[in-house]
Amino acid sequence: MMFLTKLLAPLSRVLAILFLAINIALWMSPDLVEFPARAYSGMVETEFNVAISNRLFGGLISTIHLGILAVGLLAVARIFKQINMGEWHLPSFSQSLRRFGLSLVVFTLLIPVVQALMSIALTYNNPVGQRMITLDLDAATAPIAFVLLLVGVLLSLMASVMIRAGEIAEEYEKIV
């Protein structure tokens, strides 16, 4: 178990950085921009603009969205590090657990907002009548999003319980 936590702490940090770096690289590349643009917007067959202003706007939207996930992954790295050091009982552990849970909740809830903003970002330079706003509720990804939302809420609630338990234990120590 300890070997796994030693491995997963730095891996979580690296993944947080890689998600952001790869996202930015894809948006800055005129040849590769179509991949994140279509993935984030849900516009599979729609023509859109890949001018620098569209790429910057789209890159900003996706980077903010992935930044929320990166904050969660950095919290996961702290959680694994604290488990490895035997510090899972400290309040900072519960705070990191809560941060990860909340990042999952916010990341998941923002998916439709990001998709709508992305479709605007990619088509705002199009001629009138060819600008779009999309909102796609995909049956294939909805169960995954729902599970992510539940896991995030569950982790946040567990962290709150752990924080409260720590406060009660601290009060008990003062009485005795």
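Predicted model: local features only at pLDDT ≥ 70, side-chain atom pairs only at ≥ 80, totals over all residues.
Let's start with accessibility: a residue counts as buried under 20% relative accessible area, exposed over 50%, and partly exposed in between (1.4 Å probe, protein chains only). Residues are numbered from 1 along each chain as its sequence is written, and side-chain values use heavy atoms, with hydrogens and water left out.

Tyr124 has a partner. The structure holds one aromatic pair, where pairing asks for rings of Phe, Tyr and Trp (its six-membered ring) with centres within 6.5 Å; planes under 30 degrees apart count as stacked, over 60 as edge-to-face and the rest as tilted. Here the rings of Phe57 and Tyr124 sit with centres 6.0 Å apart and planes at 80°, so the pair is edge-to-face. Phe57 belongs to helix H3 and Tyr124 to the loop between H5 and H6, so parts 67 residues apart in sequence get tied together. (Helices, H or I with at least four residues, and strands, E with at least two, are DSSP runs numbered from the N terminus.) Phe57 is also partly exposed, at 31%.

Now for the charges. Side chains of opposite charge can pair when their charged atoms come close. There are two salt bridges in the structure, each a side-chain nitrogen of Lys or Arg within 4 Å of a carboxyl oxygen of Asp or Glu. One joins Glu34 and Arg38 at 2.9 Å, N to O; both residues lie in helix H2, four residues apart, about one turn of the helix. Glu34 is partly exposed, at 42%. In the other, Glu167 meets Arg164 with the closest N and O atoms 3.3 Å apart. Those two are three residues apart in helix H6, so about one helical turn separates them. Glu167 is partly exposed at 40%, and Arg164 is partly exposed at 41%.

H6 turns up again in the largest pocket, giving six residues, the largest share of the lining. A pocket is an open set of points on a 1 Å grid over the protein atoms alone, where a 1.4 Å probe fits, with protein on both sides within 12 Å along at least five of seven lines; lining residues have an atom within 4 Å of a point. The lining has 28 residues, with Ala39, Tyr40, His65, Ile111 and Thr141 nearest the centre.
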